[in-house]
Amino acid sequence: MTAHTQTMAGIAVRPQAGTLTGTVPKMDARGVKVYYGAKQALKGIDLEIPERQVTALIGPSGCGKSTFLRCLNRMNDTIDIARIEGLITLDGQDIYDREIDPVQLRARVGMVFQKPNPFPKSIYDNISYGPRIHGLASRREEMDEIVTKSLQRAGLWNEVKDRLKEPGTGLSGGQQQRLCIARAIAVSPEVILMDEPCSALDPIATAHIEELIDELRENYTIVIVTHNMQQAARVSQRTAFFHLGEMVEVGDTEEIFTTPRDERTQGYITGRYG
Amino acid sequence: MSNEHIVKSFAQELQRLSNLITQMGGVAEAQVEAAVQALVRRDTAIAAQVIQSDLRIDTYEREIDNETLRLLALRQPMASDLREIVSALKIASDIERIGDYAANIAKRSLALAQLPAVRPAGAIPRMGRLVQEIMKEVLDAFIERDVDKAVAARRRDEELDDLYTSLFREVLTYMMEDPRNITPCTHLLFIAKNLERIGDHATNIAETIHFLVIGHPLTTERPKGDESSFTVVTPQPELQG
């Protein structure tokens with residue numbers, strides 16, 4: 001074993017911020033810059049998203065964490081003035097490649113939003129919509145199974161199994177959010193992006209979602225944006241701190257919340273002036 | 001970046017906690033000094049005072065316990081704030097033990113005052129002075145959040161251990177010379193052990209200061225000089241029979 005840096009296929013492996021030694025990241029962002037018109041929202045983000053772990057993105061409002069999250073499944077494509085530079089890969093493949101169909105990408109990288117947004121349809125149809133347009137079920141029984149499994153995985157099955165024909169909008173806020181998570185799961189994504197999934201929920205509904213996130217990470221890679229520091233600490237294994245369009249620091253969650261390296265991280269999480 | 005909390009009351013509560021530790025440490029330091037004085041001067045009034053004052057240290061500990069529990073529950077502290085609060089809890093418990101040892105020294109000095117003086121008592125003031133110096137340095141390191149000072153103080157514990165080991169041997173020899181020495185010498189031995197333990201708790205505090213400031217524990221092995229556990233002193237043949 002030689003002492004110098006190992007190379008893979010002749011390419012030097014650069015040790016840098018966000019690099020996890022020894023594991024291949026599920027998603028990888030390199031030098032990601034985002035502009036909304038003339039305004040630069042992200043100033044070159046390098047971040048690895050490890051597989052089957054929860055990565056939390058924290059930072060003050062306007063720091064770019066949601067912008068970054070939206071880059072991961074090309075949600076920013078829908079904003080006309082948004083321009084993106086840099087490289088984002090999913091399993092090593094550039095997600096901004098011309099060959100990639102954004103709709104297919106979003107089936108692999110699902111999203112759950114801040115406010116629960118069920119379709120104005122039945123609970124059943126909320127779940128079956130995605131699998132149907134992606135052609136994941138050919139028979140009624142297959143679809144039933146997908147709906148059942150998705151609701152079970154989202155921890156909602158017992159509460160709604162007798163009322164699948166009722167409108168999804170009739171559920172409580174916490175149930176609606178779990179319905180949205182079930183809907184995201186239904187198309188068998190690999191990565192689930194969550195943008196403040198609990199900010200509109202009470203503590204009990206929040207606890208249900210957090211428990212769910214913990215279970216989901218056995219099968220899915222999760223990236224969550226949250227303003228709630230305790231939530232980031234509770235649910236994630238990795239935490240990245242964003243500030244003014246930069247990613248200041250990333251590390252094991254435990255480390256970020258006990259011994260952050262950067263003074264800005266320390267200032268933010270302890271509630272000191274920035 | 002300013003170091004001030006946006007929520008001022010939180011900053012004030014953390015400061016109060018730190019002040020309580022400083023005050024408690026100051027009381028314990030005075031208690032150790034007074035206990036050694038009581039012993040050296042065979043002054044039972046000072047000894048009684050020390051025994052009584054231990055209550056004050058216990059009261060401080062309870063107050064610090066309550067305060068840390070409250071801060072943990074209400075503020076959900078993170079990073080340096082979290083370390084500050086956890087450290088306060090640990091340091092308070094070390095100081096409380098130091099107080100107990102000081103009180104025990106005072107109690108034994110009451111017993112010793114009723115017995116004829118024995119020579120090994122001479123080494124006790126040296127141990128006492130050293131312990132006080134280490135404690136003072138550690139408490140200063142806490143107030144100044146000075147890791148280097150804490151680590152330096154921790155290193156001095158070795159001297160204390162050496163003094164203890166030599167005193168241990170000396171005391172055993174005295175006991176063998178004359179059985180009438182056994183009672184005072186046993187008390188002296190416990191007193192020396194108490195001083196040595198105070199040094200160990202001061203060492204713990206130094207390590208906690210390291211964690212508090214740097215964020216991870218001090219990993220280097222502490223130099224240990226206390227070899228009394230392995231010490232064997234056998235009676236000389238001419239002293240037997």
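Reader: Between which two strands of chain A is A:Arg52 found?

Author: A:Arg52 sits in the loop that joins β4 (39-49) to β5 (54-58) of chain A. Strands here are DSSP runs of E with at least two residues, helices are runs of H or I with at least four, and both are numbered from the N terminus. This is a predicted model, in which local features need pLDDT of at least 70 and side-chain atom pairs count only at pLDDT 80 or more, while totals for chains, interfaces and linings use all residues. Residues are numbered from 1 along each chain as its sequence is written, chains are lettered from A and ligands numbered from 1 in the order in which they are written, and side-chain values use heavy atoms, with hydrogens and water left out.

Reader: How many salt bridges does a search of the whole structure find?

Author: A salt bridge is a side-chain nitrogen of Lys or Arg within 4 Å of a carboxyl oxygen of Asp or Glu. Over all chains there are 37. One of them joins A:Lys149 to A:Glu145, at 3.0 Å from N to O. The two residues are four apart in helix α4 (residues 140-153) of chain A, which means that about one helical turn separates them. Both ends are partly exposed, A:Lys149 at 45% and A:Glu145 at 47%. Another pair is A:Glu141 with A:Arg139, at 3.1 Å. In chain B, B:Glu159 pairs with B:Arg156, the closest N and O atoms being 3.4 Å apart.

Reader: Which residues of chain B are linked in a network of salt bridges?

Author: The network links B:Glu13, B:Arg16, B:Glu63, B:Glu67, B:Arg70 and B:Arg75.

Reader: How many residues does each chain bring to the contact?

Author: Contact means heavy atoms within 4.5 Å. By that rule, chain A brings 17 residues and chain B brings 16. The two chains bury about 1500 Å² between them, 57% of it on carbon and sulfur atoms; this is the accessible area (1.4 Å probe) lost on putting the parts together, summed over both.

Reader: Which side chains form the salt bridge between the chains?

Author: The rule finds one salt bridge across the interface of chain A and chain B. B:Asp81 and A:Arg272 form it, at 3.0 Å from N to O. On the chain A side, α8 (229-235), α9 (253-258) and α10 (263-269) each give two or more residues. Of the elements there, α10(A) gives the most, with five residues.

Reader: What does UniProt list for chain B?

Author: An unreviewed UniProt entry lists "domain: PhoU" for residues 21-108 and 124-208 of chain B; the positions follow the numbering used here, feature names are shortened, and annotations may be inferred rather than shown by experiment. Residues 21-108 are 93% helix and 0% strand, with end C-alpha atoms 27 Å apart. Residues 124-208 are 92% helix and 0% strand, and their end C-alpha atoms lie 28 Å apart.

Terms used: Buried < 20%, exposed > 50% of the residue type's maximum accessible area, 1.4 Å probe, protein only.
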